[in-house]
Amino acid sequence: MNRPPFGQSLSRRNVLSSLAAIPAVALLAACSDSGEQAKAADVKPADPAAPTKPATPTTPAAATAPEAQGTVDMAELLKPGALPDKQLGKDDAKVTIVEYASMTCPHCAHFAETTFPDLKTKYIDTGKARYILREFPFDPSAEAGFMLARCAKDNYFPMVDVLFRQQANWVGVPNTKDALLQISKLAGFTQESFEACLTDQKLLDDVRSVQKRGANEFKVDSTPTFFINGKTYKGAMSIAEMSAIIDPLL
């Protein structure tokens, strides 16, 4: 992909202008790392998590919990970053789920559409788990999507949901800027507020800081990456797989 490394500053209108000219091929790697320390040959998209062994034939509805791919210090993970965390669920929930995602990642969109609604109903809304979403964009389009979600204020999660569900309509299209504008207008943005959001250099820098911290401190190198009570899981898991991880923690 052609994009500046994390530390490189952009002109205030570079995000806006770049959206209209991003080739579709640049967005196909949206689930792999493009950080300044990453090597393209070493990075792969996060595949859907695979069970460590087949589910027992007598219990077809059950799933074996995927094997964790590492651990992190939850106290460090939950320390405030450049942007305040966006959270659903109660602070005192027994289970904390932190997801690093990219708005242009098809695996992230798949998880958002197929697993997250059940996760929210079964665990978040019932007070059993809290969910935190953190930005890990890999290209200007993903950065723009997250910036718009942040600018939506209290509608952060609804905006994220719409952008994931409409991903095919704005990722890799001939003019991403216009496509995002049309979606944003449905969410209450005007032309002026849309452009003001995407020319907010501090917001862009903060989104990149969240990504850089995820990569440097918690070794996130693909999306989606989940941290569940300190254990690392990579890939878009099913609700059965997530339940197999969460239920023993309750």
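**Reading the model**

Reply: Among the contacts in the protein with a separation of 6 or more, residues 24 or more positions apart account for 79%. Please keep in mind that this is a predicted model.

Me: How many helices and strands does the protein have, and what share of its residues counts as buried?

Reply: The protein has 12 helices and five strands. Of its 250 residues, 49% count as buried.

Me: Let us turn to a single residue. Where does E135 lie, and is E135 buried or exposed?

Reply: A residue counts as buried when its relative accessible area is under 20%. E135 lies in strand β3, which covers residues 129-135. E135 counts as buried because its relative accessibility is 0%.

Me: With which side chains does the side chain of E135 make polar contacts?

Reply: One partner is the side chain of R150, at 2.7 Å. Another is the side chain of Y156, at 3.1 Å. Leaving aside residues up to four places away in sequence, E135 touches L83, Y100, A101, F146, R150, Y156, V207, V210 and Q211.

Me: Where is the place of Y156, and what does Y156 touch?

Reply: Y156 is placed in helix α7. Its relative accessibility is 1%, so Y156 counts as buried. Not counting residues up to four places away in sequence, Y156 touches K86, L133, E135, F146, A149 and R150. A distance in sequence and a distance in space may be read side by side: Y156 and Q87 are 69 residues apart in sequence and 9.8 Å apart in space, C-alpha to C-alpha.

Me: How is a pair of packed helices to be read? At what angle do α6 and α7 pack?

Reply: An angle over 145 degrees counts as roughly antiparallel. Helices α6 and α7 pack at about 150°, and their axes are 7 Å apart. That angle makes α6 roughly antiparallel to α7. Their crossing is right-handed. On the α6 side the contact is made by G145, F146, L148, A149 and R150, and on the α7 side by Y156, M159, V160 and L163. By class, the residues of this contact divide into seven nonpolar, one polar and one charged.

Me: Which residues of helix α12 are buried, and what covers them?

Reply: In α12, residues 239-246, the buried ones are E241, M242, S243, I245 and I246. What covers the buried residues of α12 includes β2 (95-101), α4 (106-114), α5 (116-124), β4 and β5 (231-234).

Me: Where is D206 found, and is D206 buried or exposed?

Reply: D206 is found in helix α11. With a relative accessible area of 13%, D206 is buried. Not counting residues up to four places away in sequence, D206 touches A82 and L83.

Me: How should I read the backbone itself?

Reply: Most residues other than glycine have a negative phi, and most peptide bonds are trans. Departures from this pattern can be read one by one. K153 has a positive phi of about 60° although K153 is not a glycine. K153 is found in the loop between α6 (140-151) and α7 (156-165), and K153 is exposed, with a relative accessible area of 58%.

Me: What is the phi of K219, and where does K219 lie?

Reply: K219, again not a glycine, has a positive phi of about 60°. K219 lies in the loop between α11 and β4. With a relative accessible area of 57%, K219 is exposed.

Me: Is the peptide bond from T223 to P224 cis or trans?

Reply: The bond from T223 to P224 is cis, with omega near -5°. P224 is placed in the loop between α11 (201-218) and β4 (225-228).

Notes. Residues are numbered from 1 along each chain as its sequence is written. This is a predicted model: local features need pLDDT of at least 70, side-chain atom pairs count only at pLDDT 80 or more; totals for chains, interfaces and linings use all residues. Side-chain values use heavy atoms; hydrogens and water are left out. Helices (H or I, at least four residues) and strands (E, at least two) are DSSP runs, numbered from the N terminus. Buried means under 20% relative accessible area, exposed over 50%, partly exposed in between (1.4 Å probe, protein chains only). A polar contact is a pair of N or O atoms within 3.5 Å; within protein, one must be able to donate a hydrogen and the other to accept it, and residues adjacent in sequence count only if both atoms are side-chain atoms. Contact means heavy atoms within 4.5 Å. Axes are lines fitted to C-alpha atoms, for helices over the stretch in contact, and angles run from 0 to 180 degrees between N-to-C directions. Angles under 35 degrees count as roughly parallel, over 145 as roughly antiparallel, 65 to 115 as roughly perpendicular and the rest as oblique. A crossing is left-handed if the near helix is turned anticlockwise from the far one by less than a right angle, and right-handed if clockwise. Ala, Val, Leu, Ile, Met, Phe, Trp, Tyr, Cys and Pro count as nonpolar, Asp, Glu, Lys and Arg as charged, and the others, Gly among them, as polar.
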